[in-house]
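Please keep the sequence and the model in view while reading.

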Amino acid sequence: MFAHGAPSSDDTTIMAAPAVPKQRSRFTAGQKAIAGLALAATALVGGAAGAVTANVFGGGGGTAVAASPNPTFKQVSNPLTVADVAQNVQPSVVRIQGQTGEGSGVVLSADGLILTNNHVVVGAGQGGGSMTVKFSDGKTAKATVVGTDPATDLAVIRAEGVSGLTKASLGDSDALRVGDAVLAIGSPLGLDGSVTAGIISALDRTLTVGNEDEGRQQLPPGWGNQRSQSQGSTTTIGGAIQTDAAINPGNSGGALVNASGEVIGINTAIATGGTGSGNIGVGFAIPINTANQVAQQLIESGKVSHAYLGVSVTDATGDVPGALVRQVQQGSPAAKAGLKEGTSLPGSATSRSMGEIP
């Protein structure tokens, strides 16, 4: 209620509702400026905060209605592109050439220590020839063996007379997750510095690399059609990383790197279909945490100490969980303990015979 006129015994009066000003059909110059500013603000913030519509009424100011914001993807903390990662890592990956075969390696130190696969060193050293390391800048150097570890299919060599090499940055393979993006870098089929992209397909694979798989001839450890291991020789590797990044003969010993350009695995083996030898999207790498531990022992003493059981395993079949003992080596601790072929082992294990890659 509003007071109107002089006080009286009946001093309240009901006022009629104020008349609504007639709406103008056109904006004034000031209103056009306000609308223009509102539209400019919409253009500036529309992509992140949603569209804003400004309605300006004659004589009554304006109202703004904000729509729901558009969904946005969370920004990754690491802005490196695939090209950036490849460019950063390639100087740390080398090609290893021998008289009978070749592979790849990862630089561990500026003065020439290089990590690779045991089967790369064995293959390259066949025929009594020396190994040659080729760097990303095209320079080459002779190399000698520092130490090998057949049990993990790892080796360390040293490029002679070099300095100032780009040391690889090592990551943490224990922190990997299935689905993480990775790059495989090496020299497949002798093509230096090749890069392929993929993801981590699985973790903690157990595989048996060797020359036979249920009677079918497997790829030798790399070197064309020439064997570098004895018939039937196999190596069981646990905890392997599975990836669909294309890996082919020549990639062995090369780097599997994460999106930050850190080496998280040493490419080692591939599964092949039929009698083929090319990539089918199932490759394996030795976790860098394991590889680094082995490398440090090889650098310090030239050899590695392992717990030794003396068995190789394969997948269990039917309703039997875990894995089955495939082979028991004579005179091994397993044989002395009475472990027999076909014995079921508890826990989960995925094991297949794989063809090593050079």
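Lys134 has a relative accessibility of 24%, and therefore counts as partly exposed. The salt bridges that share partners bring Lys134 together with Arg95, Glu102 and Asp192 in one network. The model is a predicted one, and in it the structure holds 4 salt bridges.

**Salt bridges**

- Asp192 pairs with Lys134 in a salt bridge whose closest N and O atoms are 2.8 Å apart. Because Asp192 sits in the loop between strand S9 (181-186) and strand S10 (194-210), while Lys134 belongs to strand S6 (residues 131-134), the pair ties together parts that are 58 residues apart in sequence.
- Asp192, with a relative accessible area of 33%, is partly exposed.

**Helix H4**

- Helix H4 (residues 288-301) has 14 residues, which at 1.5 Å a residue should span 20 Å, and the distance of 20 Å between its end C-alpha atoms agrees with that expectation.
- The buried residues of H4 are Ile288, Ala291, Val294, Ala295 and Leu298. Because these residues cover an arc of only 125 degrees around the axis, they lie on the same side of H4.
- In an α-helix there are 3.6 residues a turn, so residues three or four places apart point the same way.
- On the face of H4 that is turned away from the buried side, the exposed residues are Gln293 and Glu300.
- The cover over the buried residues of H4 includes S5, strand S7 (140-149), S8, strand S15 (263-270) and strand S16 (283-287).
- Just after H4, Gly302 adopts a positive phi of about 80 degrees.

**The barrel**

- A closed barrel of 6 strands, with antiparallel pairing, runs in the order S3-S4-S5-S8-S7-S6. On average, and with direction ignored, neighbouring strands of this sheet are turned by 40 degrees against each other.
- Strands S4 and S5 run antiparallel and are joined by 2 bridges, and Val107 has Ile114 in S5 as its bridge partner.
- H4 packs on the sheet, where H4 touches S5, S7 and S8, and the direction of H4 makes about 55 degrees with that of S8.

- Most residues other than glycine have a negative phi.
- Leu189, which is not a glycine, has a positive phi near 55 degrees. Leu189 lies in the loop between S9 and S10 and, with a relative accessible area of 63%, is exposed.
- Asp204 likewise has a positive phi, of about 60 degrees, although Asp204 is not a glycine. Asp204 is found in strand S10, and its relative accessible area of 60% makes Asp204 exposed.

Technical notes. Residues are numbered from 1 along each chain as its sequence is written. This is a predicted model: local features need pLDDT of at least 70, side-chain atom pairs count only at pLDDT 80 or more; totals for chains, interfaces and linings use all residues. Side-chain values use heavy atoms; hydrogens and water are left out. A salt bridge is a side-chain nitrogen of Lys or Arg within 4 Å of a carboxyl oxygen of Asp or Glu. Helices (H or I, at least four residues) and strands (E, at least two) are DSSP runs, numbered from the N terminus. Buried means under 20% relative accessible area, exposed over 50%, partly exposed in between (1.4 Å probe, protein chains only). The expected span of a helix is 1.5 Å times one less than its number of residues. The arc is that of the directions from the helix axis to the C-beta atoms. Contact means heavy atoms within 4.5 Å. Two strands pair if DSSP finds at least two bridges between them. Axes are lines fitted to C-alpha atoms, for helices over the stretch in contact, and angles run from 0 to 180 degrees between N-to-C directions.
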